[in-house]
Amino acid sequence: MAKILDRLLLFIYSISVGAISAAVILLISGVLPYELNYQQEQNVIVASVIAAAILFILSLRFFYISVRRERASLPSVDQRTEFGDVQISMETIENLCLKAASRFRGVRDIKARIRVVESGLEIMIRAVVDGETPIPALTSDLQKAIHDHVQEITGIPVSFVTVYIANVTQSPNYKSRVE
């Protein structure tokens with residue numbers, strides 16, 4: 001709710017600053033005449049002070065938003081234990097996946113993505129294989145190893161592990177040199 005309110009305030013602020021800037025430019029350039037009697041001049045001064053105060057308060061709010069640290073920006077999985085709360089960052093879970101996958105020969109360039117759903121963690125692994133190990137057996141073993149390792153270390157249920165084989169590494173071609 002606060003983010004929606006801040007966005008609305010930022011919109012109003014932008015429109016106000018733009019309108020005031022345009023009016024000042026038109027007044028200074030002489031496009032708009034500005035002959036006022038004493039009462040109108042007093043009303044313009046009061047309205048200007050009120051508008052300036054509101055814009056100043058909005059400026060302070062936006063300055064505060066820009067410099068505060070966002071605690072909710074660090075994604076984590078929260079667990080409640082009998083001793084208190086435990087938060088495990090998504091980066092930690094990704095690194096556990098990479099550690100489990102790196103134990104397999106023939107798997108390279110591993111990347112992991114984690115999603116949290118009601119049933120547990122959904123882990124997506126992207127990897128490049130060497131092409132020498134049968135892919136069905138390799139991916140099955142990889143899925144099981146990642147599933148078991150993450151679930152054992154974190155205590156968070158893993159609903160499934162998806163493995164995407166992006167490519168096969170090309171073995172370097174060495175041309176023999178005859179002298």
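## A sheet and its helices

Let's start with the sheet: three strands make up an open sheet with mixed pairing, running in the order S3-S4-S5. At the edges sit strand S3 (107-117) and strand S5 (158-168), each of which pairs on one side only. From one strand to the next, the twist averages 15°. Keep in mind as you look around that this is a predicted model.

How do strands hold on to each other? In general, strands of a sheet pair through backbone hydrogen bonds, either parallel or antiparallel. Here, strand S4 (residues 120-129) pairs with S5 in the parallel sense, over nine bridges.

| Helix | Strands touched | Direction angle |
|---|---|---|
| H3 (residues 90-102) | S3 and S4 | about 140° with S3 |
| H4 | S3, S4 and S5 | about 140° with S5 |

Now zoom in on H4, which covers residues 135-154 and includes His 149. Is His 149 buried or exposed? His 149 counts as buried because its relative accessibility is 13%, and the cut-off for buried is under 20%.

Which residues does His 149 touch? Leaving out residues up to four places away in sequence, the contacts are Leu 96, Lys 99, Ala 100 and Arg 103. For orientation, helix H3 spans residues 90-102.

Definitions and conventions: Residues numbered from 1 in each chain as written. Predicted model: local features only at pLDDT ≥ 70, side-chain atom pairs only at ≥ 80, totals over all residues. Heavy atoms only, no water. Helix = DSSP H or I, 4+ residues; strand = E, 2+ residues; numbered from the N terminus. Buried < 20%, exposed > 50% of the residue type's maximum accessible area, 1.4 Å probe, protein only. Contact = heavy atoms within 4.5 Å. Pairing = 2+ DSSP bridges. Axes fitted to C-alpha atoms, helices over the stretch in contact; angles between N-to-C directions.
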